[in-house]
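Please examine the structure shown here together with its sequence.

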Amino acid sequence: MAIAIPLCAFYLALLALGTLQATPRRVDFMAFYAAGRLALEGQAAVAYDWARVQLLQADILGVPPEQVAAFLGWVNPPHFLFFVQPFAAGDYGPGWAAWVVATATLFGLAARAVLPGAGMAPSLVALATPGVLFVAVVGQNGLLVGALLGWTFAWMDRRPWAAGIALGLLTIKPQFGVILPVLLVATGRWRVFAAATATALFVMGAALVTYGPDPWWGFFGALTRNEELYLAERTDVLPRIQSVFALAYGLGAPRAAAWMLHGAMAAAVVGVVLRLWLRRPEALEEVRAAAAFAAVFLVTPFTWVYDTPALALAALFLVRAAMREGFLPAERPLLVLACVLTQAAVVLGQSSAWAPAAWLIILACAWRRDRAARVSPARIGSPSAGT
């Protein structure tokens, strides 16, 4: 806690230096900003046209188009435009700063929901982890994704409808929703499932009514473009993708073999998580949440270093269990290691290994916590499923 406050202040200072200068850098937020500008001007479909977006980004920065040749386009579903539009109403730099502050606020509130009754400590500790710095530097959406996942699991057994709404909004990043419907159906959490489905259909329908059908065709085309840009060839960008596929492919494995290895790992992770969620008596709520967090990020082949803030929320679930039942041997340093391991991407250079290793630590800690609870049955005390 003592180091969390100065680290958060340091991150804010870096954010101010990067975003409020006369000519802010071109970072990932530029894609959000340009798409939001186009949506505000009634041209949402153009957000998926890289040639035209490139010209707009050059105009925003006041530089020749050839200086923005590297792809930095909009590849998100059309309903994500609702989130970014407000931050494109003003200038680029302040919009970037406001976006990071707003999503960091949501992330901090989600941390408090995971560990209620502890004041500001959970928020400050979560916001001091290295993944938050990565998000601030590029203006990405990892804090928003982490917040939605945190609320989903924090509220699942207490406020299932609210949890479902958070999960439905997570469709802005569809690659992170692969395993969650499976868990809901397998455990009979129908209220969460119904609320998530209704929310997803509502926001997608709202985007269809607001922007028309053309952006959806652009989005489906963008999915192919994303795969071709980042996963089809070994490029300088590949080490930033934090998946088993990217790690194996980047180390020289044939593409088919890399996919097979990723699939095998994903299947094993799903098996472990289903085991934890389907055990009777039911595993601790914190164990299920942390394990599901790990599965969300280990199953998808397409997750980046800026998606790692969620590690802090997964760790907070296990801290909550430890505060109630006592820490296991070496549990504290393992959770700290999981949260800071991605800092190796800065110290030792980019590698696809850091985040998968961190999530495997979280999964191992969740499994260990479950075994400890079963060795001491008196400690088992999980809320019943919200069926």
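This is a predicted model: local features need pLDDT of at least 70, side-chain atom pairs count only at pLDDT 80 or more; totals for chains, interfaces and linings use all residues.

Residues are numbered from 1 along each chain as its sequence is written, and side-chain values use heavy atoms, with hydrogens and water left out.

Q: Are α5 and α8 roughly parallel or roughly antiparallel to each other?
A: Helices are DSSP runs of H or I with at least four residues, numbered from the N terminus. Axes are lines fitted to C-alpha atoms over the stretch in contact, and angles run from 0 to 180 degrees between N-to-C directions. Helix α5 (residues 92-114) and helix α8 (residues 142-155) pack at about 20°, with axes 8 Å apart. Since angles under 35 degrees count as roughly parallel, over 145 as roughly antiparallel, 65 to 115 as roughly perpendicular and the rest as oblique, α5 and α8 are roughly parallel.

Q: How many residues in the contact of α5 with α8 are nonpolar?
A: Contact means heavy atoms within 4.5 Å, and the residues involved include W99, F107 and V114 of α5 and L143, W151 and W155 of α8. Ala, Val, Leu, Ile, Met, Phe, Trp, Tyr, Cys and Pro count as nonpolar, Asp, Glu, Lys and Arg as charged, and the others, Gly among them, as polar. The contact has no charged residues and 3 polar ones, and the number of nonpolar residues is 15.

Q: How many of the 12 residues of α2 are buried?
A: Buried means under 20% relative accessible area, exposed over 50%, and partly exposed in between (1.4 Å probe, protein chains only). Helix α2 covers residues 29-40, and its buried residues include F29, F32, Y33 and L38. The cover over them includes α3 (50-61), α4 (81-84), α5, α7 (130-138) and α11 (190-211). Helix α2 is largely enclosed by the rest of the structure, because the number of its residues that are buried is 10.

Q: At roughly what angle do the axes of α2 and α3 cross?
A: In this pair, M30, A31, Y33, A34, R37 and L38 of α2 meet V53, L56, Q57, I60 and L61 of α3. The contact residues divide into 9 nonpolar, 1 polar and 1 charged. The two helices are roughly perpendicular to each other; their axes come within 10 Å and cross at roughly 105°.

Q: Which residues of α15 make the contact with α14?
A: The axes of α14 (residues 255-278) and α15 (residues 285-299) come within 9 Å and cross at roughly 165°, which means that α14 is roughly antiparallel to α15. On the α14 side the contact is made by H262, A266, V269, V270, V273, L276 and W277, and on the α15 side by V287, R288, A291, A292, A295, L298 and V299.

Q: Which residue does a cis peptide bond join to R280?
A: Most peptide bonds are trans. The cis bond has an omega of about -5°. The residue joined to R280 lies in the loop between α14 and α15 and is P281.

Q: What is the phi of A330?
A: Most residues other than glycine have a negative phi. A330 is found in the loop between α16 (310-325) and α17 (331-340), and its relative accessible area of 46% makes it partly exposed. Although A330 is not a glycine, its phi is positive, at about 65°.

Terms used:
The expected span of a helix is 1.5 Å times one less than its number of residues.
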